[in-house]
Amino acid sequence: MTPSQKKLTFADFNKQADWLGQQLVVAQWSERLTWSGLEIIDDEFMTRTRSDSPHHEFHNVLATRIQQSRIGRDLDRCLAILAAETQPSRWFLNAHNQELEITQQLISRGFDDFTSFSVMAADIESIEDSAFSQRLWPKVLDISELTEDYQLKSWVEALARIYELPDDLANTCLDMVLGCGFGANQPWRYYVCRINGVPAGILSVLWTDQLVTIEVLGVLPDFRHQGVGKALLQHAVSDAHKAGYKVVVSWPMSDARGIYEHYGFKLVGVINCVTIKNEQVEKYRDDPPAELIDKPPAGPKIGELWLQN
């Protein structure tokens, strides 16, 4: 983080929320580059992640540079590049104009598992100061920040239970978290909420130069509807307020939006995600269109896609 850099205001974020939401997807993966198992690649048409992991969660198209006049041709080039690596991939797109058309064309080419994420943001400057000091959760709840590597194992175990992750994917997540670093003076922060000493919920937060994003906020099944999610959310916003941030962003699933709205978050945009499966990857690998065989030239660098003041 760069403490002296100007913090983004809510008004600035809201003007172009979908675009900025997608750039935050780029930023959060770029912050993971310290993990040796991940790399980010720029070519003529897209910015994407690549990993040794077989799970599509680590193979993502984060942003595209596709011309409106030749969307179909440029998409086929992108798919040929992905197919050469024989990995399933996720593709993130915002919900406006050209990228809606890209989404539709990707679905027609075999992408599925369509998911829509709400881009929600809180204007910290508009929240009453008393909200940051008022404890909105029962005293039986205790929230602590993780500071040691050994503590992360239980955090990832809770993550796996909440999202029903297979063991090998959970182990890869643990390796990634350890590889990226966390805690004081680091962009990544991890928290556990406990009830009577038992983990009940988890939170991870990314502090970028200009704003804070909530990456994971989950509650274990046995502890839902007990104020755990609300407590974790208040904790994240309060910490951001103390550090001088003006905007907190998250992208919850639709069934969790109510918790965010209760604490002042507003729906400001949408990010779509579709996934290409192995069989479609193999189709493009084994029988690519003839005009796609030549490797496209190198394109813009990641820095051109990051948040701007």
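## Cores and cavity

The largest nonpolar core has 79 residues, among which F13, W155, I214, V228, V249 and F265 touch the most other members; such a core is a set of buried Ala, Val, Leu, Ile, Met, Phe, Trp, Tyr and Cys residues joined through side-chain atoms within 4.5 Å, where buried means under 20% relative accessible area with a 1.4 Å probe, protein chains only. A second, separate core of 17 residues includes F45, L79, W91 and L93. Leaving aside residues up to four places away in sequence, F13 touches L8, L20, L24, V119, A121, L211, V249 and V268, a contact being heavy atoms within 4.5 Å.

This is a predicted model, in which local features need pLDDT of at least 70 and side-chain atom pairs count only at pLDDT 80 or more, while totals for chains, interfaces and linings use all residues. Residues are numbered from 1 along each chain as its sequence is written, and side-chain values use heavy atoms, with hydrogens and water left out.

Two values describe the protein chain as a whole.

| Property | Value |
|---|---|
| Buried share of the 309 residues | 54% |
| Share of contacts with a separation of 6 or more that join residues 24 or more positions apart | 73% |

The structure holds one cavity of 30 Å³ or more, a cavity being a set of points on a 1 Å grid over the protein atoms alone where a 1.4 Å probe fits but cannot get out. The largest cavity, with a volume of about 40 Å³, is lined by R48, T49, H59, L82, E85, Q87 and S89, lining residues having an atom within 4 Å of a point.

Notes:
Buried < 20%, exposed > 50% of the residue type's maximum accessible area, 1.4 Å probe, protein only. 1 Å grid on protein atoms, 1.4 Å probe; cavity = no way out; pocket = protein on both sides within 12 Å on 5 of 7 lines; lining within 4 Å. Points joined across faces, edges and corners; volume = space filled by probe spheres on them.
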